[in-house]
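Please read the following report with the sequence and the model side by side. It goes from the overall arrangement to single residues.

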Amino acid sequence: MLLPEVLLASYRREGEAGRAWIAALPTLVEESLARWDLVPDGVPGSGEASLVLPVRATDGGRAVLKFQPPRDESRAAVVGLRAWDGAGIVRLIDHDPASTTMLLERLDGSRSLADVGDDDTAMGVLAELMRGLTAVPAPAGLRGLADIATAMLDEVPAALRSLADPDERRLLRSCADAVTDLVDEPGDRLLHWDLHYGNVLAGEREPWLAIDPEPLAGDPGFDLMPALDSEWDAVVAAGAPTRTVDRRFDLLTDALDLDRSRAAGWTLGRVLQNSLWDIEDGRTALAPGQIIVARAMLAR
Ligand SMILES: Nc1ncnc2c1ncn2[C@@H]1O[C@H](COP(=O)(O)OP(=O)(O)O)[C@@H](O)[C@H]1O
Ligand SMILES: [Mg+2]
């Protein structure tokens with residue numbers, strides 16, 4: 001089968017394990033179709049990491065198969081989707097533990113919240129979904145925010161040495177300070193971790209449903225970032241990014257009834273997480289969008 005170019009390109013940049021996975025993917029697709037007695041039913045969708053193949057069952061039922069490398073995140077997705085059980089999020093019909101392939105309810109892959117013109121309307125829908133998702137207590141077996149925060153703080157000294165600009169070093173240190181203040185109260189809710197506009201698709205049983213979780217246990221404040229910088233290029237093009245971040249932050253914290261200073265603190269934790277990854281990738285400057293979000297949070 002023909003794999004989407006965006007997926008092939010992303011795995012060309014990967015290490016050996018990723019390249020082996022993509023090479024074996026056509027075989028895995030055939031095996032999975034046979035396993036669940038399915039036939040392909042439309043053009044495959046894909047992000048950078050996974051292949052999503054629309055399929056039809058012999059009884060005519062429509063679903064998708066999601067293929068992804070068998071990493072911890074893929075296993076966490078199964079744990080989270082089971083706990084949510086379709087409430088506000090795509091339903092997991094079945095999965096193969098060995099390959100972590102998931103058989104999921106079919107949604108409208110061509111219509112996401114990114115296609116809704118009005119930002120307050122789109123963010124209102126996303127906030128309502130996030131409220132429901134993060135109301136669920138995290139089940140056992142997921143990574144916790146205390147762990148993640150502690151591991152991040154360990155990396156800060158070396159990361160600071162990699163940043164060229166002293167102002168950016170100060171900013172990253174403020175993010176780390178915020179995490180230090182919160183690390184003893186990491187929270188215990190089931191977080192989606194990647195709830196941005198593109199990860200909310202139109203559905204039939206509900207107008208909108210989330211997809212693509214990378215679940216962890218933690219404070220809902222740590223879940224806001226992908227919403228705050230959703231469709232960032234468009235936010236920047238509209239000309240007032242700080243205002244948009246503030247507006248989105250107010251809307252989300254109101255809808256989720258969050259303490260604003262804690263939510264700002266955990267959002268600085270996400271700036272830290274994103275920046276540590278960028279630095280690990282060899283970058284020596286912070287991403288401009290991350291700087292804008294960090295400054296907006298510190299001004300709170
Ligand atoms: N349940 C679904 N029904 C229909 N299309 C889907 C479904 N899940 C994902 N897709 C399509 O596949 C794309 C990538 O899916 P996603 O789960 O977000 O993967 P990634 O981890 O690569 O971002 C989506 O943007 C959408 O177009
Ligand atoms: Mg996605």
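The sections below describe the domains, the nonpolar cores, the ligand surroundings and several individual residues.

## Basis of the description

This is a predicted model, in which local features need pLDDT of at least 70 and side-chain atom pairs count only at pLDDT 80 or more, while totals for chains, interfaces and linings use all residues. Residues are numbered from 1 along each chain as its sequence is written, chains are lettered from A and ligands numbered from 1 in the order in which they are written, and side-chain values use heavy atoms, with hydrogens and water left out.

## Domains

The domain assignment divides the protein into domain 1 (5–106) and domain 2 (113–298), with bounds that come from an automatic or database domain assignment. Taken over C-alpha atoms, the centres of the two domains are 26 Å apart. Across the boundary, 17 residues of domain 1 are in contact with 18 residues of domain 2, where contact means heavy atoms within 4.5 Å.

## Nonpolar cores

A nonpolar core is here a set of buried Ala, Val, Leu, Ile, Met, Phe, Trp, Tyr and Cys residues joined through side-chain atoms within 4.5 Å; buried means under 20% relative accessible area, exposed over 50%, and partly exposed in between, with a 1.4 Å probe and protein chains only. The largest such core has 75 residues, of which Leu126, Met130, Leu172, Leu224, Leu252, Leu272 and Met297 touch the most other members. Helix α10 (residues 260–280) makes the greatest contribution to this core, with eight residues; helices (H or I, at least four residues) and strands (E, at least two) are DSSP runs, numbered from the N terminus. Because domain 1 (5–106) and domain 2 (113–298) both give residues to this core, it lies between them.

A second, separate core contains 18 residues, among them Trp21, Leu38, Leu65 and Phe67.

## Surroundings of ligand 1

Around ligand 1 there are 17 residues, and those that come nearest are Ser50, Lys66, Glu105, Leu107 and Asp212; a residue is counted as near if one of its heavy atoms lies within 4 Å of the molecule. A polar side-chain atom of Ser50 is placed 2.8 Å from an oxygen atom of the ligand, and an N or O atom in the side chain of Asp212 is also 2.8 Å from an oxygen atom of ligand 1. With Leu107 the backbone takes part, as one of its N or O atoms lies 2.8 Å from a nitrogen atom of ligand 1. On its own, ligand 1 has 550 Å² of accessible area, and the protein covers 83% of this; such areas come from the Shrake-Rupley method with a 1.4 Å probe, and for residues only the protein chains shown count as cover.

Glu105 belongs to strand β6 (residues 101–105) and counts as buried at 15% relative accessibility. Its side chain reaches the backbone nitrogen of Arg91 at 2.7 Å, and a polar contact of 2.7 Å joins the side chains of Glu105 and Arg205. A polar contact is a pair of N or O atoms within 3.5 Å; within protein, one must be able to donate a hydrogen and the other to accept it, and residues adjacent in sequence count only if both atoms are side-chain atoms.

Asn199 is located in the loop between β8 (189–191) and β9 (200–202), and is buried, with a relative accessible area of 5%. Beyond neighbours within four places in sequence, Asn199 is in contact with His192, Asp194, Leu209, Ala210, Ile211 and Asp212.

Trp193 lies in the loop between β8 and β9 and is buried, with a relative accessible area of 13%. Asp257, in the loop between α9 (241–256) and α10, is exposed, with 69% relative accessibility.

## Helix α11

In helix α11 (residues 288–298), the buried residues are Gly289, Gln290, Ile291, Val293, Ala294, Ala296 and Met297. Their cover includes α6 (166–182), α7 (225–228), α8 (232–238), α9 and α10.
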